[in-house]
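Have the sequence and the structure open as you read.

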Amino acid sequence: FAAGASLRRLLDSPFAIDVNIEIANLIVAQLARGLAAAHDARDRQTGQSLKLYHLGLNPEAIWISEAGSVRISDFQFPPAQIKETKQVAYLAPEQIQGGVVDQRTDLFSLAVIAFELYSGKRLFETANVSELMSTILKGEYRLGAMTTSKADSRITSLIENCLRQNRNDRLVTATQIGDRAESLYREATDHPEKRLRELVEKI
């Protein structure tokens, strides 16, 4: 019952144009931090990994509070319920194929969201689920909109790595993305936290 708005609502609102690079870096940093905390979670007694993956990360599962903090919900969304384009558009290829999943699966979803934040465009726009799945599986993603945006190459290179079709080729971790994005938004002369809070208030 936290006050605020979903990231989807923000991106679909007239105020999406005000989501600048600094705000995008802030959101990506907090998202990555949240995923890293889940991926690194271990059983207190055995020390074994809990293998806590989201497996359904999309803008509707991301909540921005009135305080400007980013929260992640709907962990391990049942695959059988992921049928709508608004969810399928953020799935990794291995999920569509019914293959093995791990933290790199979440990183693919994070990268698709980051692409939208940095470029202002959706990476996969078709409304047809079958076509959408086919496009994701082909792996021929048009990333030009992100590379030509004002996003720093130090973060876009990591995002592009996460969008590799084969999960074994994704070499970064959520912690790496969080560290890089956080360092970038802290370099900003603006105050992205304040501006993000203002956007949520407007919505």
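A residue counts as buried when its relative accessible area is under 20%. Keep in mind that this is a predicted model. With a relative accessible area of 0%, Ala32 is therefore buried. You'll find Ala32 in helix α2, which spans residues 21-39. Setting aside neighbours within four places in sequence, Ala32 touches Leu110, Ala174, Ile177 and Gly178.

Beyond its neighbours within four places in sequence, Ser109 is in contact with Leu57, Tyr90, Leu91 and Gln95.

Now for the helix pairs.

| Helix pair | Axes come within | Crossing angle |
|---|---|---|
| α5 (residues 103-119) and α8 (residues 153-162) | 8 Å | roughly 135° |
| α2 and α10 (residues 192-202) | 9 Å | roughly 90° |

Take α2 and α10 to begin with. Their angle makes them roughly perpendicular to each other. On the α2 side, the contact uses Glu22, Ile23, Leu26 and Ile27, while α10 brings Pro192, Glu193, Arg195, Leu196 and Leu199. Sorted by type, the residues of this contact are six nonpolar, three charged and no polar.

What about α5 and α8? These two are oblique to each other, and α5 passes α8 in a left-handed crossing. From α5 come Leu107, Phe108, Ala111, Ala114 and Tyr118, and they meet Ile155, Ile159 and Cys162 of α8. This contact holds eight nonpolar residues, with no polar and no charged ones.

On to the core. In soluble globular proteins, nonpolar side chains tend to be buried together. Here, the largest nonpolar core has 57 residues. Which of its members touch the most other members? They are Leu7, Ile27, Leu117, Tyr118, Leu163 and Ile177. Helix α2 gives the most to this core, with 11 residues.

Some of those names have come up already: Ile27 is part of the α2 contact with α10, Tyr118 is part of the α5 contact with α8, and Ile177 touches Ala32. Leu117 is worth a click as well. Apart from neighbours within four places in sequence, Leu117 is in contact with Leu7, Leu11, Val19, Ala24, Ile27 and Val28.

Note on methods
Residues are numbered from 1 along each chain as its sequence is written. This is a predicted model: local features need pLDDT of at least 70, side-chain atom pairs count only at pLDDT 80 or more; totals for chains, interfaces and linings use all residues. Side-chain values use heavy atoms; hydrogens and water are left out. Axes are lines fitted to C-alpha atoms, for helices over the stretch in contact, and angles run from 0 to 180 degrees between N-to-C directions. Helices (H or I, at least four residues) and strands (E, at least two) are DSSP runs, numbered from the N terminus. Angles under 35 degrees count as roughly parallel, over 145 as roughly antiparallel, 65 to 115 as roughly perpendicular and the rest as oblique. A crossing is left-handed if the near helix is turned anticlockwise from the far one by less than a right angle, and right-handed if clockwise. Contact means heavy atoms within 4.5 Å. Ala, Val, Leu, Ile, Met, Phe, Trp, Tyr, Cys and Pro count as nonpolar, Asp, Glu, Lys and Arg as charged, and the others, Gly among them, as polar. A nonpolar core is a set of buried Ala, Val, Leu, Ile, Met, Phe, Trp, Tyr and Cys residues joined through side-chain atoms within 4.5 Å. Buried means under 20% relative accessible area, exposed over 50%, partly exposed in between (1.4 Å probe, protein chains only).
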